[in-house]
Amino acid sequence: MRFQGKVAIVTGSGKGIGKSIIQKLVHEGAFVTVTDLNKETCEETAMEILQGGGKAIAVAGDVSKGEDARNIVEKTIEAYGKIDILVNNAGVLKDSRINDMEEDDWDKVIDVCLKGAFLCSKYASAYMVEQNYGKIINISSRAYLGNPGQANYSSAKAGIIGLTRSLSKELGKNNINVNSVAPGLIETDALKNHPKYEKIKELQKKDTPIRRIGLPEDVANAVLFFASDDAAYISGDILHVSGGRFG
Ligand SMILES: NC(=O)c1ccc[n+]([C@@H]2O[C@H](COP(=O)([O-])OP(=O)(O)OC[C@H]3O[C@@H](n4cnc5c(N)ncnc54)[C@H](O)[C@@H]3O)[C@@H](O)[C@H]2O)c1
């Protein structure tokens, strides 16, 4: 029960990796804010947590909008009086080769993946500074190293590393740790429903030293480490959850 009495916000926690992170935080005692662009999955996840005996509120919103990011943080303060942990997990993909990439596809991915993390960190860190305690974990991706067809996403996820390093330097004196988790390919429902799922899975296995595809729980375990006081002297760092695959 590493998070007894702690309050956590996980963005994009209506499904996928974010949902796994928030469920694990609840399992170890955290009070949480489920937040997602999708109001339905946001409320469903919060309801599941409540029915399981956990404590959760649902605040739907778009992390790329300043007003929504502020609202997510303020609703958390109204409900619990503090914020100990922020996980910037919300993300989108709009893949294509550079010549086919529309300006909107570039903007969308940068806005959600990078600006969203900036906005939520900006509003949450103000309270963390007051408390002299906080953990910010930003979800990057192995793609920050570069991926063909993902110039927007790779740039956003590399930006997340810069954001993490900068915030760790700004906020360290306030006892706030800022770290990043960079997952490789993870088996979410979106991937399971992909028409080429079996083929992707086989290729991934072949290219990964630990011969399997990653699971949402693998990412959640790394996030919980950074969110815990076991990682109290680690900041500005990147934990790769990619089965040993980097290139
Ligand atoms: N799945 C993978 O293989 C993988 C690999 C590396 C990194 N990641 C990263 O992990 C994170 C979670 O990915 P996932 O696979 O669980 O994705 P997912 O699509 O299953 O879940 C993402 C969630 O974010 C929400 N979201 C989208 N735009 C939003 C916005 N503007 N404001 C608030 N919420 C928004 C979605 O509604 C969704 O619930 C993302 O940052 C992603 O880039 C995923």
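Let's start with the shell around the ligand, which by class has 11 nonpolar, nine polar and four charged residues. In this count Ala, Val, Leu, Ile, Met, Phe, Trp, Tyr, Cys and Pro are nonpolar, Asp, Glu, Lys and Arg are charged, and the others, Gly among them, are polar. Before going on, please keep in mind that this is a predicted model, where local features need pLDDT of at least 70, side-chain atom pairs count only at pLDDT 80 or more, and totals for chains, interfaces and linings use all residues. Residues are numbered from 1 along each chain as its sequence is written, and side-chain values use heavy atoms, with hydrogens and water left out.

So, who sits around the ligand? There are 24 residues, and Ile17, Asp36, Asn89, Tyr153 and Ile186 come nearest; a residue is near if one of its heavy atoms lies within 4 Å of the molecule.

Now the polar contacts, meaning pairs of N or O atoms within 3.5 Å; within protein, one must be able to donate a hydrogen and the other to accept it, and residues adjacent in sequence count only if both atoms are side-chain atoms. A ligand oxygen lies 2.7 Å from a polar backbone atom of asparagine 89. Ligand nitrogen shows up too: there is a distance of 3.0 Å to a polar backbone atom of valine 63, and one of 3.2 Å to a polar backbone atom of leucine 37. Taken alone, the ligand exposes 820 Å², and the protein buries 88% of that (Shrake-Rupley method, 1.4 Å probe; for residues, only the protein chains shown count as cover).

And where is the ligand? The space it takes is the largest pocket, by the rule that more than half of its atoms lie within 2 Å of the grid points. A pocket here is an open set of points on a 1 Å grid over the protein atoms alone, with protein on both sides within 12 Å along at least five of seven lines; a cavity is a set where a 1.4 Å probe fits but cannot get out, and lining residues have an atom within 4 Å of a point.

The largest pocket holds about 1700 Å³ of space. Its lining has 49 residues, with Leu93, Gln150, Tyr153, Leu185 and Thr188 closest to the centre. Helix α7 gives the largest share of that lining, five residues.

Last, the largest cavity, with about 50 Å³ of space. Val63 and Asn89 are among its lining residues, and you'll remember both from the backbone contacts with the ligand. Here α4 gives the largest share of the lining, four residues.

Note on methods. Points joined across faces, edges and corners; volume = space filled by probe spheres on them. Helix = DSSP H or I, 4+ residues; strand = E, 2+ residues; numbered from the N terminus.
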